Amino acid sequence: MEIRYRIAAKEDLTEICDLFNSAIDTMIRNKIFQWDEIYPTEQDFREDIAKEQLYVGVAEGRIAVVYVVNQDCEEQYANGNWKYTGEPYYVVHRMCVHPAFQNHGIARQTLFHIEEQLVGWGIHTIRLDAFSENPYALRLYEHMGYVKVGTADWRKGMFYLMEKHFDSL
């Protein structure tokens, strides 16, 4: 499936919120209680858009995937035994595939895209956190070469801190 990635615009906000609401409903049906009405919120997306850090992947005329990439990380990222501390890195946040597009390799394709994007910026290390009770995300990240380097305990439970380093793609 062809996906066209671009930075999100204010006009995308309603569709982005709908995507997350659909994904949260699907996650709850699958007993994955990672996100809810408290996080992530429309305000989070507004701020991401204003900072030009929120990206969308468009397929078949609809937003199929959303992600944020920046250098922000929560305090608990200090719990990570990060391997590449002397190098610049970016953090992936709130990556979410619309349920209508799940199980088509879009998350994997998007991670490849993010890696290519970062290599273009001269960055070779990615960090992220993954909910310990989301087996789909954990399987994806591990398959893609992300390594667990620590844990963080947040409101919804334990999250694994993960890191990937690559020289080139």
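Student: Which loop does Glu60 lie in, between which two strands?
Tutor: Heads-up first: this is a predicted model, so local features need pLDDT of at least 70 and side-chain atom pairs count only at pLDDT 80 or more, while totals for chains, interfaces and linings use all residues. Numbering starts from 1 along each chain as its sequence is written, and side-chain values use heavy atoms, with hydrogens and water left out. Helices (H or I, at least four residues) and strands (E, at least two) are DSSP runs numbered from the N terminus. On that basis, Glu60 falls in the loop between strand E2 (54–59) and strand E3 (62–70).

Student: What is the relative accessibility of Arg94?
Tutor: Arg94 also has phi near 50 degrees, positive without being glycine, but Arg94 is found in strand E4. Arg94 counts as buried because its relative accessibility is 13%.

Student: Which residue does Arg94 meet in a salt bridge?
Tutor: A salt bridge here is a side-chain nitrogen of Lys or Arg within 4 Å of a carboxyl oxygen of Asp or Glu. The side chain of Arg94 has such a partner at 2.8 Å, N to O. The pair links distant parts of the chain, 46 residues apart, with Arg94 in strand E4 (residues 90–97) and the partner in helix H2 (residues 42–50). That partner, buried like Arg94, is Asp48.

Student: How does Asp12 count, buried or exposed?
Tutor: The side chain of Asp12 meets that of Arg6 in a salt bridge (2.7 Å, N to O). Arg6 is at 28% relative accessibility, so Arg6 counts as partly exposed. Asp12 is at 8%, and therefore counts as buried.

Student: What is the N to O value for Lys148 and Glu142?
Tutor: Lys148 is partly exposed, with a relative accessible area of 38%, and Glu142 is partly exposed too, at 40%. Their side chains meet in a salt bridge, with N to O at 3.2 Å.

Student: How many salt bridges does the structure hold?
Tutor: Some are joined up: Asp36, Arg155 and Lys156 are linked in a network of salt bridges. For the structure, the count is eight.

Student: What is omega for the cis peptide bond joining Tyr39 and Pro40?
Tutor: Pro40 is found in the loop between helix H1 (13–29) and H2. For the cis bond that joins Tyr39 to Pro40, omega is about -5 degrees.

Student: At what angle do the axes of H3 and H4 cross?
Tutor: Two packed helices are described by the angle between their axes and the distance between the axes. Axes are lines fitted to C-alpha atoms, for helices over the stretch in contact, with angles from 0 to 180 degrees between N-to-C directions. The axes of H3 (residues 106–120) and H4 (residues 135–143) come within 11 Å, and they cross at roughly 45 degrees.

Student: Which residues in H4 meet H3?
Tutor: H3 brings Ala107, Arg108 and Leu111 to the contact (heavy atoms within 4.5 Å). On the H4 side, the residues are Leu140, Tyr141 and His143.

Note on methods. Buried means under 20% relative accessible area, exposed over 50%, partly exposed in between (1.4 Å probe, protein chains only).
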